[in-house]
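Here are my notes for your review. Please read them alongside the coordinates.

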Amino acid sequence: MNLLNLSKGANLLFMYRLNANGLNKMPKEFSPKNSTEAYYIQEELKKLYLNLKDNYIIGKKIGCTNKKAQKQVNVLEPFYGNLFSKYSGISGCKLSSKNFFKPYLEPEFSFRIKSDIDISKAPYKLDQIIDFVDTVIPSIEIVDFRFKQSLKNIGINNLIASNGASEYWIKGKKEFKINKIDLTNHNVEVYINNQLFEKGNASNVLGNPLNSLLWLINTLASKNETLLKNYIISTGTSTSAIPIKKGYNVEAKFG
């Protein structure tokens with residue numbers, strides 16, 4: 001593993017992100033050959049993001065926890081990235097199309113972590129992590145694929161390296177206690193310009209978005225990393241990834 005070249009790959013992705021441009025492909029010498037190299041690039045990219053003024057990590061996103069989304073990008077397993085304060089907003093916000101290259105909308109169930117998670121007790125089981133969650137947050141993630149190839153040809157390593165393709169996270173105006181929502185069967189509707197575009201359900205996210213959180217907790221614990229108090233965890237889309245364009249008015253209704 002050539003760490004210098006991987007760091008150069010992170011710098012290249014960062015430059016293209018700031019300029020809202022797309023790569024034809026990663027130069028071979030910078031391209032991650034496996035998930036270890038991909039997450040190394042993501043970590044180097046994170047450092048570059050954190051050098052931006054008034055920017056800090058607010059949590060994590062999880063990608064490809066939905067069979068429809070997996071089929072779209074030809075990926076069979078989840079991956080994660082980081083959520084940043086500079087690239088987040090609240091329901092009702094306006095985004096400039098100039099800041100994105102090939103954006104897609106994903107309506108997601110997000111969780112707020114109640115307190116720092118003790119990874120010394122990992123791996124956890126599903127019934128053990130419910131108490132880790134303070135609230136459930138209806139949210140929208142904007143993913144933006146940093147490559148000019150078709151979605152199926154980007155590859156999981158490039159998706160991981162480019163921060164899990166995460167570009168922006170939008171918080172719903174209300175948060176809900178976890179016992180107020182049936183996360184095994186909760187409908188979601190996406191409207192574009194006031195027209196119903198697609199329906200989804202919480203069950204599309206690994207059967208229950210808590211399964212997505214469980215995967216992340218145990219995956220990070222295996223790397224000696226934890227989730228911190230007040231971190232937001234966006235668990236993956238409950239619909240397919242929906243392409244959005246300039247002039248779109250988008251609404252995700254969580255009921």
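Helices of at least four residues and strands of at least two are DSSP runs, numbered from the N terminus. The model is a predicted one.

1. **His186.** This residue is found in the loop between β6 and β7. Is His186 buried or exposed? Its relative accessibility is 19%, and buried means under 20%, so His186 counts as buried. Leaving aside residues up to four places away in sequence, His186 touches Phe109, Ile181, Gly200, Asn201, Ala202 and Phe254.

2. **Lys180.** The loop between β6 and β7 also holds Lys180. Lys180 has 66% relative accessibility and therefore counts as exposed, the cut-off being over 50%. Val136 is 44 residues away along the chain, yet the C-alpha atoms of Lys180 and Val136 are separated by 9.0 Å.

3. **Packing of α1 and α2.** Helix α1 covers residues 3–18 and helix α2 covers residues 35–50. Their axes are 8 Å apart, and the helices pack at an angle of about 55°. That angle makes α1 oblique to α2. The crossing of the two helices is right-handed.

4. **The α1–α2 contact.** Which residues of α1 make the contact? They are Leu3, Leu6, Ser7, Gly9, Ala10, Asn11, Leu13, Phe14 and Arg17. On α2 the contact is made by Glu37, Tyr40, Ile41, Glu44, Leu45, Leu48 and Tyr49. By class, the contact residues divide into 10 nonpolar, 3 polar and 3 charged.

5. **Length and burial of α2.** At 1.5 Å a residue, the 16 residues of α2 should span 22 Å. The end C-alpha atoms of α2 are 22 Å apart, which agrees. Which residues of α2 are buried? They are Glu37, Ala38, Tyr39, Ile41, Gln42, Glu44, Leu45, Lys46, Leu48 and Tyr49. The cover over these buried residues includes α1, β1 (57–63), β2 (79–84), α6 (156–161) and β6 (166–171).

6. **Ile154.** Helix α5 spans residues 151–154, and Ile154 lies in this helix. Ile154 is buried, with a relative accessible area of 3%. Not counting residues up to four places away in sequence, Ile154 touches Phe145, Phe147, Gln149 and Leu159.

7. **Backbone points to check.** Most residues other than glycine have a negative phi, and most peptide bonds are trans.
   - The peptide bond from Ala122 to Pro123 is cis, with omega near 5°. Pro123 is found in the loop between β4 (103–113) and α4 (126–129).
   - Asn74 is not a glycine, but has a positive phi of about 60°. Asn74 is in the loop between α3 (67–73) and β2. With 55% relative accessibility, Asn74 counts as exposed.
   - Asn224 has a positive phi too, near 65°, and is a residue other than glycine. The loop between α7 (209–221) and β9 (232–237) holds Asn224. At 66% relative accessibility, Asn224 counts as exposed.

Conventions. Residues numbered from 1 in each chain as written. Predicted model: local features only at pLDDT ≥ 70, side-chain atom pairs only at ≥ 80, totals over all residues. Heavy atoms only, no water. Axes fitted to C-alpha atoms, helices over the stretch in contact; angles between N-to-C directions. Parallel < 35°, antiparallel > 145°, perpendicular 65-115°, else oblique. Left-handed = near helix turned anticlockwise from the far one by under 90°. Contact = heavy atoms within 4.5 Å. Nonpolar A, V, L, I, M, F, W, Y, C, P; charged D, E, K, R; others polar. Expected span 1.5 Å × (residues − 1). Buried < 20%, exposed > 50% of the residue type's maximum accessible area, 1.4 Å probe, protein only.
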